[in-house]
Amino acid sequence: PVEAAKLNFSGRCDLLGTQLQFQVQDVIADTSLRPARAQTLIAAGDVPLLLVNKVGRGAAVHLNGSFAILGERGRPGSDAARGLVDALLARAGVALGKGGRGPEG
């Protein structure tokens, strides 16, 4: 069973060669998640939030949480959460076109 909790976290990490600095509030995460082989890069206490597992020449990235705040501009933590997702997409080679985030860009 999933055990969800609303968490706040901040810090910095190296995500596959990209330096991230973040402060995010109110992320709903599964507190029962325990990684078997993946490396935890970001955690709130003992709850892993960003995990990476190297696979072949690439990597699998797991975000343990609901990042609903991405659509709430101006809310504390929304820019940091957006930056985290942007860094993940950039590292994967995904480029968003102008206006890629809806009517406000």
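A pocket is defined here on a 1 Å grid over the protein atoms alone, as an open set of points where a 1.4 Å probe fits, with protein on both sides within 12 Å along at least five of seven lines; its lining residues have an atom within 4 Å of a point. The model is predicted, so that local features need pLDDT of at least 70 and side-chain atom pairs pLDDT 80 or more, whereas totals for linings use all residues. Residues are numbered from 1 along each chain, and side-chain values use heavy atoms, without hydrogens or water.

The largest pocket is lined by L15, L16, K54, R57, G58, A59, V61, L88, R91 and A92. Two elements, β5 (58-63) and α1 (78-91), each give two or more residues to this lining (strands are DSSP E runs of at least two residues, helices H or I runs of at least four). The largest share, 3 residues, comes from β5. The pocket holds about 210 Å³ of space, a volume being the space filled by probe spheres set on the grid points, which are joined across faces, edges and corners.

The largest nonpolar core has 19 residues, of which F9, L15, L20, F22, L41, I42 and L49 touch the most other members. Such a core is a set of buried (under 20% relative accessible area) Ala, Val, Leu, Ile, Met, Phe, Trp, Tyr and Cys residues joined through side-chain atoms within 4.5 Å. The largest share of this core, 5 residues, comes from β2. L15 is in contact (heavy atoms within 4.5 Å) with L20, L41, L50, V52, L88 and R91, residues up to four places away in sequence not being counted.

Terms used. Buried means under 20% relative accessible area, exposed over 50%, partly exposed in between (1.4 Å probe, protein chains only).
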